Amino acid sequence: MKIAVISPSSQSLEAMSTVLERGNPSRLIARHEGGISKLRAIAEKEHPDVIIVEGLCHDAGELSPIESVTTSYPQMIIIILCSQQTPEFLINAMRVGVREVLPSPASKDALEAAVSRAESKLGLRNAQRSGRVLAFVSCKGGSGSTFLATNLGHQLGAEGKKVLLMDLNLQFGEAVLTVHDRKATSNVAEVARNLSRLDASFLTASTVAVTPNFAILAAPDDPAESLQVKPEHLDAILNLAVNHYDFIILDVGKNLDDLTIKALDRAHNIFLVVQTMLPYIRNASRMMTVFRSLGYQQDKIELLVNRFWKNGEIGLEDLRASLGIGKMRTIPNGYKEVAKAINEGVPLATVAKSSLVLKAISELALSLLPKPDQAQGGLLSRLLNH
């Protein structure tokens, strides 16, 4: 949910933002120092779900800007905080569309309760998803990490899941080109520059829709724009995305910077992509050392051995012993069909439905889906609930 907070006090803005973020980290909080005169502009520019206004007194004349907003945006919820509340003022506030009036300063419990009621009113508490974040990490250029990430997204979408892939290889990302033949009209940097506008509609409009269930937020065309994307921007985008997508796939490339570490911290699963050649394995060993230093648990990390040859010089047990990793999955070599799909800018399933590579990616997708007894409590629970 997107919340705009208006107050003449910077300290009050800080305090209210802290309370709201602790109540639900996925809330997007925009702070505005000032008074009621800013209300209309904020409503028009940011389209928040809720606006909290502090600083009104008991003069009914101060309510006219609120009536203008509630008339134009009837779904927008207005909560006001004022130190003096006469019965007449409360009645007039409700008449112009104010949802709740709280004392100023409001207690933590009162503020959280009011916003929770707003979430319920808007249907957000029950409608929110709990998206799973998957990070794909390339040990070395050419590992096939982007191909696997994009085609996994396509397969999850084919299973009826809503999927967003974010291309975090910000300088030279090509995730869109791997499965789509059209140029992206927006990108991660563009969204980062416009966080004040960030909501579900803006995020959707910024993506490339590969299929109805699978979208990609592209990397910028200009490598210089990569410097504009900060870890806090990624946090804000993910906080929104996890409530609107079943899976968020992060294609983070191979550079370990602050943004990549933020992505890895937020991931539920990290897929480390290697090939059975010494340069890849050496870099994978380095990556595993970094993951351990960051405190990641073993069950968070899975090795994807791409272009695997059963009779190759380096076997799976060699990899397991060298990297000290438990979870491992192989993707067979299928250069011809993979190259065809990439060159045509389409998912692998479009050109090679019988491909062993596609079978392995489909098996990975199925392993990530909730088990039948986890989805709505299983058949018995669904029957008992009817």
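**Close-ups of helix pairs and a pocket**

**View 1. Helices H2 and H3 run roughly parallel to each other.** Like every view here, this one comes from a predicted model. Helix H2 covers residues 39-46 and helix H3 covers residues 64-72, and the two pack at an angle of about 20 degrees. Angles under 35 degrees count as roughly parallel, so that's the label this pair gets. Their axes sit 9 Å apart, and the crossing is right-handed. On the H2 side, look for Leu39, Arg40 and Ala43; on the H3 side, the partners are Pro65, Ile66, Ser68, Val69 and Ser72. Sort the residues of this contact by class and you get five nonpolar, two polar and one charged.

View 2. The crossing of H13 and H14 is right-handed. H13 brings Ile281, Ala284, Ser285, Met288 and Arg292 to the contact, while H14 brings Leu319, Ser322 and Leu323. The contact of H13 with H14 counts five nonpolar, two polar and one charged residues.

**View 3. Helix H1 crosses helix H5 at roughly 55 degrees.** That angle makes H1 oblique to H5. H1 spans residues 10-23 and H5 spans residues 108-122, and their axes come within 10 Å. H1 passes H5 in a right-handed crossing. From H1 you'll find Met16, Val19, Leu20 and Gly23, which meet Lys108, Leu111, Glu112 and Val115 of H5. By class, that gives five nonpolar, one polar and two charged residues.

**View 4. The largest pocket holds about 1100 Å³ of space.** Its lining takes in 45 residues, and the ones nearest the centre are Ser138, Thr146, Asn169, Asp251 and Gly253. Several helices supply at least two lining residues each, among them H7 (145-158), H8 (175-179), H12 (258-266) and H15 (335-344). Strands E10 (247-253) and E12 (301-308) also each supply at least two.

Terms used:
Residues are numbered from 1 along each chain as its sequence is written. This is a predicted model: local features need pLDDT of at least 70, side-chain atom pairs count only at pLDDT 80 or more; totals for chains, interfaces and linings use all residues. Side-chain values use heavy atoms; hydrogens and water are left out. On a 1 Å grid over the protein atoms alone, a cavity is a set of points where a 1.4 Å probe fits but cannot get out, and a pocket is an open set with protein on both sides within 12 Å along at least five of seven lines; lining residues have an atom within 4 Å of a point. Grid points are joined across faces, edges and corners, and a volume is the space filled by probe spheres set on the points. Helices (H or I, at least four residues) and strands (E, at least two) are DSSP runs, numbered from the N terminus. Axes are lines fitted to C-alpha atoms, for helices over the stretch in contact, and angles run from 0 to 180 degrees between N-to-C directions. Angles under 35 degrees count as roughly parallel, over 145 as roughly antiparallel, 65 to 115 as roughly perpendicular and the rest as oblique. A crossing is left-handed if the near helix is turned anticlockwise from the far one by less than a right angle, and right-handed if clockwise. Contact means heavy atoms within 4.5 Å. Ala, Val, Leu, Ile, Met, Phe, Trp, Tyr, Cys and Pro count as nonpolar, Asp, Glu, Lys and Arg as charged, and the others, Gly among them, as polar.
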